[in-house]
Amino acid sequence: MKPNDFEQALRAINTTPLAKVAGKLVRVHGPLLACTGCQLAIGQHCQVEDARSGYIAAQVVGFDKDITWLMPLSQPEGLSSGARVFPTDKNDRLMIGEHWLGRVINGMGEPLDDKGKLHGETPLDAQISQVHPLKRRAVNTVLDVGVRAINSLLTIGKGQRVGLMAGSGVGKSVLIGMITRFTQADVVVVGLIGERGREVREFIDEALQEEGLAKSVVVAAPAGESPLMRIQATELCHRIAAWFRDQGKDVLLIVDSLTRYAMAQREIALSLGEPPATKGYPPSAFAMIPRLVESAGNSTSAGTMTAIYTVLAEGDDQQDPIVDCARAVLDGHIVLSRQLAESGHYPAIDIGQSISRCMSQITVRAHQEAARAFKQTWAAWQQVKPLIPLGGYVAGADPLADKAVSLAPAIGRFLQQDVNDAVATLQAIHELSTLVQAG
């Protein structure tokens, strides 16, 4: 035997485990599992033995002296006191590649579509990556989303992060479906987080359709999944989108919804004993949202990553703590109005409450002036509209009010759009200019 071979054999013996380390399950407390006898790090994955000689995947979420707290990624059925807990290989990472396109997966990267195992050539980052603030490429190119009201009045740029804020049942999912179908992007990454399970199939069949699915990756974690799986799925969406962005692709990331992500963190944090702050949300929930959102957007690569998050405004309250937190860290927000939806106005975008913070740097001055004039006319119409049935409006008293009343039917037609009709940016700007000049 050569000396080098002997040295390699000795090193192999030193690194070979002589025994398989295992902890012991000592307590089940709500959604949490307590383990002792095994040193585990925060975020590490492990396998908990069940009564059927199988294993339940779990992740370390905290510790208290000698007790390590785990949270299962699935329903913890068949567990018993003293069950063994095995740490998983720390180097076990997902391998990603172009073959991920057209697939539907869960928060662990496991396929849900019966199309076989996922294959890839590159290890996927284990954590969501943060982009250095001084190395981000500026948002300087318009993104055509195919929705007239957004393209003309709330223009979005490639690399922008936008919130879609609304209460339940006012058309968030329908508008998201329109944007998904109409936006020209190389790759679409969709996260269906904490929503109804039936919406997964409906979104794939009706919103994406076969052509859209071919360039998409769908990550699904419905409401029936554990809170940890919902968090894993949300962060996996960002890791996948960031990988395709760094390959030079124009990526559209859609997360439905950011509120369910915060709710999942609330469940975990409260179980661990973290005190509630605002509306039952612990401080960690508000800390996680900026960290998640800041991983989206442009980086130093040639690709772009535009992110659209739906945010549920509970009770239609635009001062809801999650809505307020998201609005502060995003690059714009689109507010949907229940009043408009109930009157049959779709998409029910409230132009007055919505804003795109990047619009001024990606549009020309003439476009900005036309959008400003339209919003002024829209605001005047909203003020004078309730006065007309009461006889409080007198023609000739206010030129702006007169203009708003005369243009009201045209404004309504401009802001409404059929779910199957796409309106390109140039067409939307032309229609906007024509409408403003007509007044």
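The side chains of glutamate 431 and arginine 148 meet in a salt bridge, with 2.8 Å from N to O; the term denotes a side-chain nitrogen of Lys or Arg within 4 Å of a carboxyl oxygen of Asp or Glu. The model is a predicted one, in which local features need pLDDT of at least 70 and side-chain atom pairs count only at pLDDT 80 or more, whereas totals for chains, interfaces and linings use all residues. Residues are numbered from 1 along each chain as its sequence is written, and side-chain values use heavy atoms, with hydrogens and water left out.

The chain is assigned domain 1 (17-87), domain 2 (95-362) and domain 3 (367-438), the bounds coming from an automatic or database domain assignment. Taken over C-alpha atoms, the centres of domain 2 and domain 3 lie 31 Å apart. Their contact (heavy atoms within 4.5 Å) involves 26 residues from domain 2 and 23 residues from domain 3.

About 2,000 Å² is buried between domain 2 and domain 3, and carbon and sulfur atoms give 58% of this area; buried area is the accessible area (1.4 Å probe) that two parts lose on being put together, summed over both. Between these two domains the count is one salt bridge. The interface also has 12 residue pairs in polar contact, both residues at pLDDT 80 or more. Such a contact is a pair of N or O atoms within 3.5 Å; within protein, one must be able to donate a hydrogen and the other to accept it, and residues adjacent in sequence count only if both atoms are side-chain atoms.

On the side of domain 2 that touches domain 3, α2 (148-153), α3 (172-182) and α10 (359-362) each supply at least two residues. Helix α2 gives the most, with five residues. Helices (H or I, at least four residues) and strands (E, at least two) are DSSP runs, numbered from the N terminus.

Strands β13 (residues 187-193) and β15 (residues 250-256) run parallel over six bridges, and leucine 192 stands opposite aspartate 256 in β15.

The whole structure contains 18 salt bridges. One joins glutamate 294 to arginine 136, with the closest N and O atoms 3.6 Å apart. This pair links distant parts of the chain, 158 residues apart: glutamate 294 lies in the loop between α7 (283-293) and β16 (304-312), and arginine 136 in the loop between β9 (122-123) and β10 (142-143).

Terms used: Two strands pair if DSSP finds at least two bridges between them.
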